[in-house]
Amino acid sequence: MGKYGKLSEVFDWVEEDLGREAQLIDAARPLYKVVAVRNPLTKLMSGFRDKILRRTSTGIKEPMMQFNPDLNINSTDPEKYAAFVEAIVTKKIQNVHFTPQWSKMKVCDFPYDMIMQTETTNQQIKEVQEKTHTQEFEFPGSRSEQGYDSVATVHLAHEFYSKVRPELMEKLYHYFRWDFILLGYTKLDNPNFPYLDFNQDIDKEFGELVKGEMGQEEAATESPSQNP
């Protein structure tokens with residue numbers, strides 16, 4: 001599956017190797033299935049710090065200059081990040097590390113037993129061990145929970161997002177809306193994901209974005225099809 005593993009490739013392999021009738025979910029049914037996710041806002045920041053700041057000489061990618069022509073090597077990291085966010089939501093910068101997690105992990109298609117949020121990994125590892133009877137093994141927990149990374153991404157969030165304009169922040173929430181909902185980063189109660197810990201207010205965090213989109217989908221469903 002490659003270094004980072006692509007679940008879509010596994011689905012393709014199962015279909016090719018075992019026939020069209022076969023499904024990965026059948027092959028994995030006896031297993032306890034866990035996937036680790038991260039708050040999309042801190043994940044995007046982490047990707048920016050790793051892929052842009054640390055791996056370029058200036059901390060700037062050309063598409064970012066379209067949104068802030070005054071950027072230069074001496075610009076602050078939050079100033080660069082604001083331009084980066086705009087390049088992300090307008091799809092001027094596209095990279096697997098910056099895309100929503102839910103579709104890559106096929107959370108709507110694959111029957112995970114747990115979606116593990118890295119912010120509370122230690123707590124959830126204990127639950128996995130109980131379910132799989134692996135208490136004798138030691139698993140690594142969350143680096144932030146264990147006190148590593150003195151300048152952890154989560155601690156820089158306020159500084160970095162202070163330069164992101166409110167209207168751009170709204171677009172960013174919209175870009176990651178299904179990560180927030182399906183991966184358990186809202187208080188939205190969904191019976192399909194009973195094991196998630198909801199600790200954010202969906203209305204406060206991204207206003208009418210989801211409601212508005214759902215309304216558009218309902219209207220489209222009620223409208224006559226334009227296809228022949």
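**Confidence**

The structure is a predicted model, and the mean pLDDT of its chain is 74, with 64% of the residues reaching 70 or more. Two stretches call for caution. Where pLDDT is low, the predicted coordinates should not be read in detail.

**Overall fold**

The chain has 12 helices and 2 strands, and along the sequence these follow the pattern α-α-β-α-α-α-α-β-α-α-α-α-α-α. Of its 228 residues, 40% count as buried. Among contacts between residues at least 6 apart in sequence, 65% join residues at least 24 apart.

**Helices α3 and α5**

Two packed helices are described by the angle between their axes and the distance between the axes. For helix α3 (residues 40–53) and α5, the angle is about 110° and the axes are 11 Å apart. Because angles of 65 to 115 degrees count as roughly perpendicular, α3 is described as roughly perpendicular to α5. The residues of this contact divide into 10 nonpolar, no polar and 2 charged. On the α3 side they are Leu41, Leu44, Met45, Phe48, Ile52 and Leu53, which meet Asp77, Lys80, Tyr81, Phe84, Val85 and Ile88 in α5.

Tyrosine 81, in helix α5 (residues 77–89), has 0% relative accessibility and therefore counts as buried. Leaving aside neighbours within four places in sequence, tyrosine 81 is in contact with Leu41, Leu44, Met45 and Phe48, and also with Phe160, Tyr161 and Val164. Between tyrosine 81 and isoleucine 52 the C-alpha to C-alpha distance is 9.4 Å, while the two are 29 residues apart in sequence.

Glutamate 86 is likewise found in helix α5. Is this residue, glutamate 86, buried or exposed? Glutamate 86 counts as buried because its relative accessibility is 15%, and the cut-off for buried is under 20%. Not counting residues up to four places away in sequence, glutamate 86 touches Phe67, Arg165 and Leu168.

**The strand pair**

Strand β1 (residues 34–37) and β2 run parallel and are joined by 4 bridges; within the pair, alanine 36 stands opposite methionine 116 in β2. In a regular strand the side chains alternate between the two faces of the sheet. In strand β2 (residues 114–117), Met114 and Met116 point one way and Ile115 and Gln117 the other way, and all are buried.

Most residues other than glycine have a negative phi. Lysine 91 has a positive phi although it is not a glycine, and lysine 106 is another non-glycine residue with a positive phi. Lysine 91 is found in the loop between α5 and α6 (101–105), whereas lysine 106 lies in the loop between α6 and β2. The table sets out their values.

| Residue | Phi | Relative accessibility |
|---|---|---|
| Lysine 91 | about 65° | 53%, exposed |
| Lysine 106 | about 50° | 22%, partly exposed |

Technical notes:
Residues numbered from 1 in each chain as written. Predicted model: local features only at pLDDT ≥ 70, side-chain atom pairs only at ≥ 80, totals over all residues. Heavy atoms only, no water. pLDDT = per-residue confidence, 0-100. Buried < 20%, exposed > 50% of the residue type's maximum accessible area, 1.4 Å probe, protein only. Contact = heavy atoms within 4.5 Å. Axes fitted to C-alpha atoms, helices over the stretch in contact; angles between N-to-C directions. Parallel < 35°, antiparallel > 145°, perpendicular 65-115°, else oblique. Nonpolar A, V, L, I, M, F, W, Y, C, P; charged D, E, K, R; others polar. Pairing = 2+ DSSP bridges.
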